[in-house]
Amino acid sequence: MKQFTADELRKAWKQFYIDRGHVDCGAVSLVSDGSTGVMFNVAGMQPLMPYLLGKKHPMGTRLCNVQGCVRTNDIDSVGDKSHGTFFEMMGSWSLGDYFKKERCQWSFELLTQLFGFDADHLAATVFAGDENAPRDEEGAKYRIESGFKPENIFYLPAEDNWWGLEYGPCGPDSEMFYVKDVPDCGPNCGPGCHCGKYTEIGNDVFMQYEKHHDGSLTPLSQKNVDTGWGLERILAFLNGVDDVYKIDLHAPVIAYIEKESGIKYEADEKTTRSMRILADHSRTAVMLIGDEAKLLPSNTGAGYILRRLIRRAVRHARALGLNKAQILGVATIYLDEYSESYANLVKNREFVLTELGREIDRFESTLENGMKEFKKILEKTSGTGSKQIDGRDAFFLYDTFGFPVELTLELAEEEGYTVDEKGFADAMEEQKQKARENQNFSANLTTGAGVFDSLEESVQSEFVGYTMTQCDGEIVAMADESALVTELPAGTKGTIITDKTPFYGTMGGQVGDIGVIECACGARFEVLETIHVAGRTAHVGQVKEGTFKVGSKVKLTVDAENRAKTCRNHSATHLLQKALREVLGDHVEQAGSYQDPDKTRFDFSHHQAMTKEELQKVEDLVNEKIAEALPVVTEEMTMEEAKKTGAMALFGEKYGDVVRVVKMGDFSIELCGGTHVSNTSHVGIFKIVSESGVAAGVRRIEALTGSNARNYYKNVETRLEDAAKALKTNPADVTTQIKKLQEELKALKSENESLKSKEAKAALGDVTDQVEEVKGVKLLAVSMKGVDMNGLRDLGDQMKAKIGEGVVVLISEADGKVNLVTMATDEAMAKGAHAGNLVKAIAPKVGGGGGGRPNMAQAGGKNPAGIADALAEAKKVLSEQL
């Protein structure tokens, strides 16, 4: 066998297939678009699903690549020698091109010529057949013809030799194994027995079927081949190690952890497991945050998985005695290791380290207290005689300390306990329900209950509103508030669908149009909302006059002024996104948006609050592009053509074969299906009114355009004039007048404090004769009336200076309440005096509590009748301290 580094193996794999007519199709994001029912790309073939189903791939029918993948279904197994949550899949595909014969031949050449395996030590498995699909005799035949020994071909059932995701392309697979020179474990020894004699090294999937959502199989229109080899697994095997954490991808990290922790790898099972988990989870976090999707930790979806990985890594780092800086040290090694193969990691390097550091900080700030609370919960559970942690307690750890329930499960298992997962889920749902009840929902029954799902496919609605705000149409379907109807009389609330419409339905952040639908018979329908239901544009509103019937010819008129305001806000959002990337950097990605006639709201990825200067730069840049009167041009083109223009797309959004590209001069190019102004000058003016955080790593800007922005400035001007009037000056001099008043106020406050100090001294009088000694320490403990806490502190400083060295206790009754201050000098503290403990002991005498530092402390109380007792107690407590 030949030995490789990871980089050498990647290059050798791709070159092997390029020499056989394949094209390197490159890797895609680790985060799935959701089309296959999973959150991450879990296999190299997953992004190719449409092409495996028959769609033509723009790069041809023979493809290869090395694709990063994330699988967390067996996260609990991470920590052994082989499991990981991130791995690289080396793949090659035939999309309706070659099939089993060529595939088997090339796999044999790959094994024997490229990797140097001895053919006598190779074995393969093929599908044994079942009630759904026949035995794969063809696969066995071509394995033998390629060079495998007949006695080394094994037939195994579907659980071993059938491949597919939840739905989509699937079929029999054929796995390849290396056979060690050791005796059989028994009469049935083979690849399926897992005795260690047979080591899996690769897999060929022959995709002949499509699995549907109902579980049924149908033959694919084209036969495909999917070959997938795990890079880490084959790399370890070729280099003669049985531990993937010893290959060159992980070895520098393990060495770093050894050095920083002072613990040797494989010294014991527990610390070795923690090292592997820290390494694996840190790597996966780096890859996900540095991915083109720039995934961030959150409490939902893929972001929750990322948060769980990071927090699990932090816990195992702490078990090894490592801190945040050392965890980031691990991340830095992986960034260096993968930089050549994953260009996004170079571009996003600082973003990765910043966001990873922020999540570590978030968790570490609560981890210690959370662990203390977990121990209390364990003690409480143990006291009841139960070995199961209550689900509500697990939810409390999640809700208050950020403990993913999986972390609580893991901690519990380590202590021999289980967790009531159903109780946790119930508590989570209860909180969600409360949140829903606190929101305002106004969903119309006809738009939310699937009323229109029963319509025939032929009933369609064509949108013509990009170029017009009025058109003629025919009503093809209607519903009242509960069901489909053929008539809508006056006063009825309902929904109308027409064959054509100029009304834009709410989509992509842009709120739908409002307007009217009118019939020649005199009927009039007020459109209050336009949405999409069952793939059609639906007009929701109320019949104001007459009766509408299915089949009626109608005129649809959009409220043009309302549309224009929304268009201004939408176009301004495109300018805003580009301006943010110019000012803050290209890490800025859209995280959400909303445009209606009143405002635009834009959520974007950024790790900190924008400065006043940054906001001004962004606002100025947008207004500059508005003033340049850039033409806004919309073109339809294929997705591939759109990518060549450099158009920005919303990550995770599903686009069709033909997309709309909106260009604003040479400044902004985006994929967008919304409506826009025809020239940036029509936006008029742009004003940012707020910038805030909405989630970890996500900021939000709200802004106004056109007449809304002008009204904003008018309101500001009115408030300024009102302020000037109140200050008895003109608007231009408001700032000067405020500064003048502030100076006067400062002088008055100073004069007031001076008077209060004099009054406090007068209230105290000459108390030097009340100083007494307690075990060689001077104590001045006196009371007075009418002095507040500030005055009491000032007086305390004066008395402390007057007695030289010792302890001062001052108590004052003011407005029926008690203020109490204690102070101790350095010499008194050296002898044992502690002002904080002293005030804590005597405050209960006046019905209060407090505390503070050894040299100064204060307290408040509600019982003036206890002042004498408090003074007497002070002498007693000080004596005990000395």
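1. V774 has V777 in β31 as its bridge partner, and 3 bridges join β30 to strand β31 (residues 777–785), the two running antiparallel. Strands, like helices, are DSSP runs numbered from the N terminus (E, at least two residues, for strands; H or I, at least four, for helices), and two strands pair if DSSP finds at least two bridges between them. This is a predicted model, in which local features need pLDDT of at least 70 and side-chain atom pairs count only at pLDDT 80 or more, while totals for chains, interfaces and linings use all residues. Residues are numbered from 1 along each chain as its sequence is written, and side-chain values use heavy atoms, with hydrogens and water left out.

2. The open sheet has 6 strands in the order β30-β31-β32-β33-β35-β34, with mixed pairing. Because β30 (772–774) and β34 (849–852) stand at the edges with a single partner strand each, one side of each is left without a neighbour in the sheet.

3. The axes of helix α10 (residues 324–338) and helix α12 (residues 349–383) come within 10 Å and cross at roughly 150°, which means that α10 is roughly antiparallel to α12 (an angle over 145 degrees, with axes fitted to C-alpha atoms over the stretch in contact and angles running from 0 to 180 degrees between N-to-C directions).

4. In the contact of these helices (heavy atoms within 4.5 Å), the α10 residues include I327, L328 and L335, and those of α12 include V352, L353 and I360.

Technical notes:
Angles under 35 degrees count as roughly parallel, over 145 as roughly antiparallel, 65 to 115 as roughly perpendicular and the rest as oblique.
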